[in-house]
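Q: I would like to learn how to read contacts, helix packing and interfaces. Where do we begin?
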Amino acid sequence: MSTSTLLETRDLGCIRNDRQLFEHLEFALEAGEMLVVEGPNGCGKTSLLRILTGLRLADKGDILWRGEPIDRLAGDYYEQVNYVGHHDGIKHELSCLENLRLARAMGVPSQRDLDDVLEQVNLYAYGESVVGSLSAGQKRRLALARLLATDSLLWILDEPFTSLDKASMEMFAALFEQHLQREGVIVVTSHHDISLPTLAIQRLNLGQPA
Amino acid sequence: MSNRLSLGQAFIFLLRRDMLLALRNRAEYAMPLLFFVLVITMFPLALGAQPELLARIAPGIIWVAALLAAMLSLDSIFRSDFDDGSLEQILLSAHPVAILVLAKVCAHWLVTGLPLLIVAPLLAEMLGMSTAAQPTLLLTILIGTPILSLIGAIGVALTVGLRKGGIILSLLVLPLYVPVLIFAASAIDNAAMGFEVSAQIYMLLAFLLLSVSLSPWATAAALRMSAS
């Protein structure tokens, strides 16, 4: 194991509803690398991502962060993780700014000003607007804005581009590239093509649903 | 190395968020209080002109109504957070989940338990409860309702992942509420008859300490199970 390996799995296996979704899954991600998880619906992409966040326990095997099992690191691992799942994880009754402030309170605040963060995801004009009045794509952008509002090395993104328009997809792809350049790590599933100029992309195909 | 907020700040932040959400969803959160008041006002109408009987059963009426009002409001502790994915974000927080859970339960009590304390004297007066018993009534509500929120949080955390968790929730939680009901009602009865009530109050305080120290951990563990 090289010293810059951040995230690593050993013999990972997942069973769901008595079906083996995957087994003996092994990969290692170094700083600045991105893992794209591919496969048809129902092959366990979301399960794998939730296992990597620690929300779901692996049925078999270990996940190591800098060589240490994540269940032993607990809070020290969560501090490094930013997860955007199927659900946006934002409150519809609160404004954009209130949502981002909460995300900061739960994690590690980044140095960026929240207005800058909103400007970057093209939501600056909506800072004080209640999220419930935004469109699906705008909500998705706000969920992804959490990545910028907090400081974390590992981004775990489940279909981040759902309901985003083409321009927004390109904008976030550029942000992913920046994150990788800053020695971050990204694990992502997407049915959209993620075209980054970076070479450090690993692809993992979970294959057919059993 | 990190500049993450202190645990106390995160606690206050989450507490304020939940209060703010309650403020913006006023109608939903006013329901339990309305239920409490309506149920209690039905009793004098149903029992007819029997003021002695009413005063005699007043402690029981108020506490049973408080119990059911608490049950009614429990689901709101974690339901919306579970549905919109905020719960995942809380579980993935760098802070200990048990403390964050405690913040949410505190907010729940401030929104649903505290109002009961405020309207209880009026209702007690309406039922003709003796003035000697009223301070004890308020004391039992002050100590008892946080216990209801804390125990209820465990039940909601266990059932929030189920489609129709409502019935299981009441079966799960009501038996655990019974000791609170017994000691609270007995304290008020004793006070009405002019007896010493410290034994019951100390028992309730012991329940409160026990549930404050144990319930958040159990709730956090149950939430992890429900979310996975």
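A: Begin with contact, which means heavy atoms within 4.5 Å. This is a predicted model, in which local features need pLDDT of at least 70, side-chain atom pairs count only at pLDDT 80 or more, and totals for chains, interfaces and linings use all residues. Residues are numbered from 1 along each chain as its sequence is written, chains are lettered from A and ligands numbered from 1 in the order in which they are written, and side-chain values use heavy atoms, with hydrogens and water left out.

Q: Which residues is B:Pro44 in contact with, leaving aside its neighbours within four places in sequence?
A: With those neighbours set aside, B:Pro44 touches B:Leu54, B:Met126 and B:Leu127. B:Pro44 belongs to helix α2 of chain B; helices (H or I, at least four residues) are DSSP runs, numbered from the N terminus. B:Thr159 is 115 residues from B:Pro44 along the chain, and their C-alpha atoms are separated by 36 Å.

Q: At what angle do helix α2 and helix α3 of chain B pack?
A: Axes are lines fitted to C-alpha atoms, for helices over the stretch in contact, and angles run from 0 to 180 degrees between N-to-C directions. Helix α2 (residues 26–47) of chain B packs on helix α3 (residues 51–74) of chain B at about 150°, and their axes are 9 Å apart. That makes α2(B) roughly antiparallel to α3(B). Angles under 35 degrees count as roughly parallel, over 145 as roughly antiparallel, 65 to 115 as roughly perpendicular and the rest as oblique.

Q: What is the hand of the crossing of α2(B) and α3(B)?
A: A crossing is left-handed if the near helix is turned anticlockwise from the far one by less than a right angle, and right-handed if clockwise. The crossing of α2(B) with α3(B) is right-handed. Its contact residues divide into 19 nonpolar, one polar and no charged. Here Ala, Val, Leu, Ile, Met, Phe, Trp, Tyr, Cys and Pro count as nonpolar, Asp, Glu, Lys and Arg as charged, and the others, Gly among them, as polar.

Q: How are α8(B) and α9(B) arranged?
A: Helix α8 (residues 166–192) of chain B and helix α9 (residues 198–227) of chain B pack at about 155°, with axes 9 Å apart. α8(B) and α9(B) are therefore roughly antiparallel, and their crossing is left-handed. On α8(B) the contact includes B:Pro179 and B:Phe183, and on α9(B) it includes B:Met203 and B:Phe207.

Q: At what angle does α6(B) pack with α9(B)?
A: Helix α6 (residues 97–127) of chain B and α9(B) pack at about 105°, with their axes 8 Å apart. The two helices, α6(B) and α9(B), are therefore roughly perpendicular. Among the contact residues are B:Val101 of α6(B) and B:Trp217 of α9(B). The residues of this contact between α6(B) and α9(B) divide into eight nonpolar, one polar and one charged.

Q: What area is buried between chain A and chain B?
A: The size of an interface is often given as the accessible area lost when the parts come together. Buried area is the accessible area (1.4 Å probe) that two parts lose on being put together, summed over both. For chain A and chain B this is about 2700 Å², of which carbon and sulfur atoms give 57%. In chain A, A:Leu55, A:Lys91 and A:Met106 lose the most area to chain B, together 25% of what that side buries. In terms of contacts, 28 residues of chain A meet 30 residues of chain B.
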